[in-house]
Amino acid sequence: MAKEIWKRVPGFVHYSASNFGRIKSEWSTGRILKATPLRHGYLQISLYCNGQKQRTVHRVVWEAFKGKIPVELQINHIDGNKRNNALSNLELATPSENRVHSFKIGTSKTGHGSRSPQHKLTEEIVLAIRKGHALGEAQKALGQRYGVTQSAVSYVVNRKVWRHI
C-alpha cells in the first residue's frame, strides 16, 4: 500500500495536502478538513490566509505536488470520479481533452443524440425520418408525424444533428 505524503499548500502556509487527496490544517491540531460537495460534484474547502479563500480540493492537491496550473489547462479526474482527488487520479488536460475523456468514460452529462438532455428524438425515429425522406416523403409531413418542426427534420436529414447515426 502506498504511503501518504503531505506537502505544504502554496500560498497557505498553515495547510498541507496529501497524495491521497486530503487537506489538513496545521494551525494547531493538524485536523483533516471536511470538504463540501459543489453542485457539479467537485469538493471544495475553505482556506484562510489574509481572509477566507474557497478552493477545490483537486486544484489544491495538484498545486501542492506539481506546482502552478497553466491557465490554458484543467485538471482531469482520470477515473471520472470528481470526489477522488488522489494525486494518482489527476492529470493536466486541455478543455477539449477533458471533454473527450468524459465522453469516452461515460461521465459526460451532455452528449449527442439521446444522451443529450434536450433530445426530442430517438435513434429509431431519426432512422425512420431519414428513410422516409429517402423514399420521397416531404420534410413537413415527417415533422408532423414525429412531432417536430420541418427545420428539425431538415437538420436530421442533412446530418447537421444526429451525425453519429
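Lys 24 sits over the face of Trp 6, with 4.5 Å to the ring centre. Keep in mind that this is a predicted model.

**Rings**
- How many aromatic pairs does a search of the whole structure find? The search turns up one.
- That pair is made by Phe 12 and Tyr 15, and it is edge-to-face.
- Their centres are 6.5 Å apart, and there is an angle of 75° between the planes.
- Are Phe 12 and Tyr 15 buried or exposed? Both of them are buried.

- Three strands make up an open sheet in the order 4-5-6, and the pairing is antiparallel.
- Strand 4 (36-37) and strand 6 (52-56) are at the edges with a single partner strand each, so one side of each has no neighbour in the sheet.
- As a bit of background, strands in a sheet pair through backbone hydrogen bonds, in either a parallel or an antiparallel way.
- Strand 4 pairs with strand 5 (residues 43-48) in the antiparallel sense, over two bridges.
- Which residue stands opposite Leu 43 in strand 5? Look for Pro 37.

**The helix**
- Helix 1 covers residues 57-66 and lies across strand 5 and strand 6.
- Helix 1 runs at about 90° to strand 6.

Technical notes:
Residues are numbered from 1 along each chain as its sequence is written. This is a predicted model: local features need pLDDT of at least 70, side-chain atom pairs count only at pLDDT 80 or more; totals for chains, interfaces and linings use all residues. Side-chain values use heavy atoms; hydrogens and water are left out. Two strands pair if DSSP finds at least two bridges between them. Helices (H or I, at least four residues) and strands (E, at least two) are DSSP runs, numbered from the N terminus. Contact means heavy atoms within 4.5 Å. Axes are lines fitted to C-alpha atoms, for helices over the stretch in contact, and angles run from 0 to 180 degrees between N-to-C directions. Rings of Phe, Tyr and Trp (its six-membered ring) pair if their centres lie within 6.5 Å; planes under 30 degrees apart count as stacked, over 60 as edge-to-face and the rest as tilted. Buried means under 20% relative accessible area, exposed over 50%, partly exposed in between (1.4 Å probe, protein chains only). A charge sits over a ring if NZ of Lys or CZ of Arg is within 6 Å of the ring centre and within 35 degrees of the ring normal.
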